[in-house]
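Please open the two-chain model in your viewer and keep a selection panel at hand. The stops below say what to select next and what is there.

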Amino acid sequence: MGNEFVQFSLTPMLIGTLAAVACALPGNFLLLRRQALIGDAISHVVLPGIVVAFLLTGAVAAIPMLLGAAGAAVVAVIVIEAIKRLGRIEPGAAMGVTFTSLFAGGVLLLEQSDTSSVHLDVEHALMGNLESLIWFKARGWGSLLDPVALAALPDELGRIAAVCALVIALTVLFWRPLKISTFDEGFAQAQGLPVGLIGFGLVGVAAVAAVAAFDAVGSIIVIAMFICPPAAARLMTNRLERQVGWSVVFAVASAVLGYVLAGYGPLWFGGQNAVSAAGMIAVVSGLILGLACLVGPHRARVGARGEAA
Amino acid sequence: MTDPVLTLAADHGLTRAAPAPGDSPLAIRGMTVSYGEKPAVFSVDATFPPHAMTAIIGPNGAGKSTMLKAALGVIPRLSGEVTVFGRPIGKARDRIAYVPQRASVDWDFPATVIDVVLMGLYRRVGLLKRLTGAHLAAARDCLDRVGMADFTDRQIGQLSGGQQQRVFLARALAQEADLYLLDEPFAGVDAATERAIIDVLKALKAEGRAVVCVHHDLATVARYFDHVFLINVRRIAEGPVATAFTAANLHATYGGRLATAHLDQLDLGLGGAS
């Protein structure tokens, strides 16, 4: 059990967990700013960006993928503005149309291009390829101390670990400006805080997390990681500090529980094959949110705007 | 693509730009603000007096709040210069405390009363400086001054409107500013809160600080304030209540919207109807 677990389950579980935490942290602020769907938008735009970056460079590498995703985001903003102005269409609809079209374009591109050599195809793009991120060289827990085996860890693990560390560091460093400007933008601005830059930085960090999480959970399911853990956490407490703490707990729980259930759950019920880990992680995060709605101590009025508005 | 209104406003602003008096806590020169094509505030000059309480009054949509927000840079201005105690506003942020309209934030935000008051200390603690017992004691003292000491750990969504307004005022007190700018602090609050707020503001004035309120209730202008600034997109009048809060100026500001019967009940300054 031990050896098999380290070889086949440890790294995917770690990657899933780190991806979930990296998305949940900015998700807390996006949710409170009523911008949660920006996570959705980003995850959609990321796909064509990544595919184009792959077609241009021929490799699935972190930097070109990030640049591709950023480029796609810029294109999306320009297209949205153009549709709004030229088509005289309301902003929400313009965004919806743009993101869906870009995403669909990404799917078509992916289908037509030869990506058989790497883990990049439509199914993986949508749902991730967590199960394939295994640690071939591992021979049990002892491998954690073996430099040769450690060197053969999947690249994705290092990438998502770095992104997760970056997200945590930025959240800690900019905690106060984020909190103040999320609660009361006018007050923050009057104090001289660069609220535009803070908002832009938050979306930028969310984009980086979305691109990094692409490997783990795919571009559709990543939205669950942005919204479910923070939304469930909001129902557990009335303080932002604790909410963020709970969201990390829920993100980790979703990833670990989801992976285990996907891998072993079907066997318990006499099934033959495991189910998609990313899918199960999203389902578990949804179930946690459902449970929090039912029994969370502060479930009243979440999302409800105070009397006046 | 040149909009005649904007060009005019910009030119107007330039010609009006004169050095602001150094002792004025807030001086505005040639400020124009526009949402879309119609200016909300047009080429306004204002010089608010030190050691005084000033009310900004005018009808709905006259640009009262807009003027305050644009002066602070919360919304962009098309033209205009703003100085605070004689310095550009960007260099005087430490001396300003701003209390936005209560309805401008989401009170369901996960924060307690003390959390909100501590936000007023941001410019002193910065990004990473640890909050000490002294900071907490200062925040509690501010809550005590607005009569909210018993609500320190209450979630802000569980407060009444008046209590929320007092928490906002406590946050401004924590800033220890010299200029207090309040946007409709008495809107929708109970009588006890109104009393508590006006007592705190008068105490601030007694300490030599300047207070400027966007104010709605003409009936209390003479009792609460020393100065008035009347605005209806353009500046109508400005001065001590005794000379500027007159029937003629109110007519010029509110037009036909203010009935004569209403004017008779106001405690107007010299030259008024009463």
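Select B:E184 and the residues around it: leaving out those up to four places away in sequence, B:E184 touches B:K64, B:Q101, B:Q165, B:V214 and B:H216, where contact means heavy atoms within 4.5 Å. This is a predicted model, in which local features need pLDDT of at least 70 and side-chain atom pairs count only at pLDDT 80 or more, while totals for chains, interfaces and linings use all residues. Residues are numbered from 1 along each chain as its sequence is written, chains are lettered from A and ligands numbered from 1 in the order in which they are written, and side-chain values use heavy atoms, with hydrogens and water left out.

B:E184 is found in the loop between β7 (179–183) and α7 (191–206) of chain B, with helices (H or I, at least four residues) and strands (E, at least two) taken as DSSP runs numbered from the N terminus. B:E184 is buried but has no salt bridge, and the nearest side chain of opposite charge, B:K64, is 4.6 Å away. Here buried means under 20% relative accessible area, exposed over 50% and partly exposed in between (1.4 Å probe, protein chains only); a salt bridge is a side-chain nitrogen of Lys or Arg within 4 Å of a carboxyl oxygen of Asp or Glu; and for charge, Lys and Arg count as positive and Asp and Glu as negative, His and the chain ends not being counted.

Next select B:D183, in strand β7 of chain B. B:D183 is likewise buried without a salt bridge, the nearest side chain of opposite charge being B:K69 at 4.9 Å. The side chain of B:D183 does make a polar contact of 3.2 Å with that of B:Q101, a polar contact being a pair of N or O atoms within 3.5 Å (within protein, one must be able to donate a hydrogen and the other to accept it, and residues adjacent in sequence count only if both atoms are side-chain atoms).

Staying in chain B, select B:R95 and B:D178, whose side chains meet in a salt bridge (2.9 Å, N to O). B:R95 lies in the loop between β5 (87–88) and β6 (96–99) and B:D178 in the loop between α6 and β7, so the pair ties together parts that are 83 residues apart in sequence.

B:D108, B:F109 and B:P110 supply 22% of the area that chain B buries against chain A, more than any other three residues.

Five salt bridges are counted between chain B and chain A. One joins the side chains of B:D108 and A:R234 (3.6 Å, N to O). Another to select is B:D115 with A:K179, whose closest N and O atoms are 3.9 Å apart; B:D115 lies in helix α3 of chain B and A:K179 in helix α8 (residues 175–183) of chain A, so the pair joins two chains. Both B:D115 and A:K179 are buried.

Definitions and conventions. Buried area is the accessible area (1.4 Å probe) that two parts lose on being put together, summed over both.
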